Amino acid sequence: MRHYNTEFDTSVPSAWAGHYPFAYDLVRHFKPNNIVELGSYAGGSLFAMCQAVQDEYYPAFIHAIDTWQGDAHSGLYSNEVYESVLKTVSTKFQNLSIGLHRMTFDEAVKVYPDYSIDLLHIDGYHTYEAVKHDWETWLRKVSTTGIVLFHDIAVKEGDFGVYKFWDEIKNDYKHYEFYHSYGLGVIFMNAEMFWQLQQVNAFNKYHA
Ligand SMILES: C[S@@+](CC[C@H](N)C(=O)[O-])C[C@H]1O[C@@H](n2cnc3c(N)ncnc32)[C@H](O)[C@@H]1O
């Protein structure tokens, strides 16, 4: 996986910022056609992936799903957050196919065919029960060559429970984990894709 020297927009507040280079390079490398993000908030992780699609210049469908209202962890926030994401999408990424789907994950899941998602990012509500539910409802939508990202696998405070759920499932798949920026778990449905990166030590350069 090539390491691109890219400037990321750091004006968007995001606990995800430390993962921008990895996500950007991952998207440029594998060119996932159908990208779905569960939880986009102000667009930090979303824009890193959009930037990769734009720079790689390939035809992807990018779906950002969020109520854009917040939850008990991120706090409830105003409509300005959604407005700012919409503005960036329509000014900076206007040539990409990006859908901002303002609804719950459970409402959205019904419209995706099984095995249709090539890159799924799970970053909604972070209790054990919520992340388990998101995984169980979306797993069948992920393609046989799909990659799934889980944010916050390193957070062990309060009722954050992604780390517990991650520990339960990670060994069922070829996976990789980062601990900086609250942690990112990466699952590969296709072991070959994992080995491809592992063999060239591709992951090592993204640790903070
Ligand atoms: C941690 S933030 C996402 C952060 C974002 N990925 C970033 O890079 O900064 C979680 C978001 O998930 C949304 N959310 C949580 N549970 C949801 C659900 N069940 N359906 C839709 N949106 C949800 C919240 O509104 C919030 O904006």
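**View 1. The shell around the ligand holds six nonpolar, 13 polar and three charged residues.** This is a predicted model, and here we look at the residues that surround the ligand. There are 22 residues around the ligand, and those that come nearest are S14, S45, D66, Y77 and D123. Helix 2, which covers residues 44-56, supplies at least two residues of this shell, and so does strand 3, at residues 70-71.

**View 2. Side chains of S45 and D123 reach polar atoms of the ligand.** Look for S45, one of the residues that come nearest to the ligand: a polar atom of the S45 side chain lies 2.9 Å from a ligand oxygen atom. Now find D123, where an N or O atom of the side chain is 2.7 Å from a nitrogen atom of the ligand.

View 3. How much of the ligand does the protein bury? Taken alone, the ligand exposes 600 Å², and the protein buries 87% of that.

**View 4. The largest pocket is where the ligand sits.** The C-alpha trace spans about 45 × 40 × 35 Å along its principal axes. A compact globule of 208 residues would have a radius of gyration near 17 Å, and the chain, with 16 Å, agrees with this.

How values were computed. Residues are numbered from 1 along each chain as its sequence is written. This is a predicted model: local features need pLDDT of at least 70, side-chain atom pairs count only at pLDDT 80 or more; totals for chains, interfaces and linings use all residues. Side-chain values use heavy atoms; hydrogens and water are left out. A residue is near a molecule or strand if one of its heavy atoms lies within 4 Å of it. A polar contact is a pair of N or O atoms within 3.5 Å; within protein, one must be able to donate a hydrogen and the other to accept it, and residues adjacent in sequence count only if both atoms are side-chain atoms. Accessible areas come from the Shrake-Rupley method with a 1.4 Å probe; for residues, only the protein chains shown count as cover. On a 1 Å grid over the protein atoms alone, a cavity is a set of points where a 1.4 Å probe fits but cannot get out, and a pocket is an open set with protein on both sides within 12 Å along at least five of seven lines; lining residues have an atom within 4 Å of a point. A molecule sits in a cavity or pocket if more than half of its atoms lie within 2 Å of its grid points. Helices (H or I, at least four residues) and strands (E, at least two) are DSSP runs, numbered from the N terminus. Ala, Val, Leu, Ile, Met, Phe, Trp, Tyr, Cys and Pro count as nonpolar, Asp, Glu, Lys and Arg as charged, and the others, Gly among them, as polar. The radius of gyration is taken over C-alpha atoms; the globule rule is 2.2 Å times the number of residues to the power 0.38.
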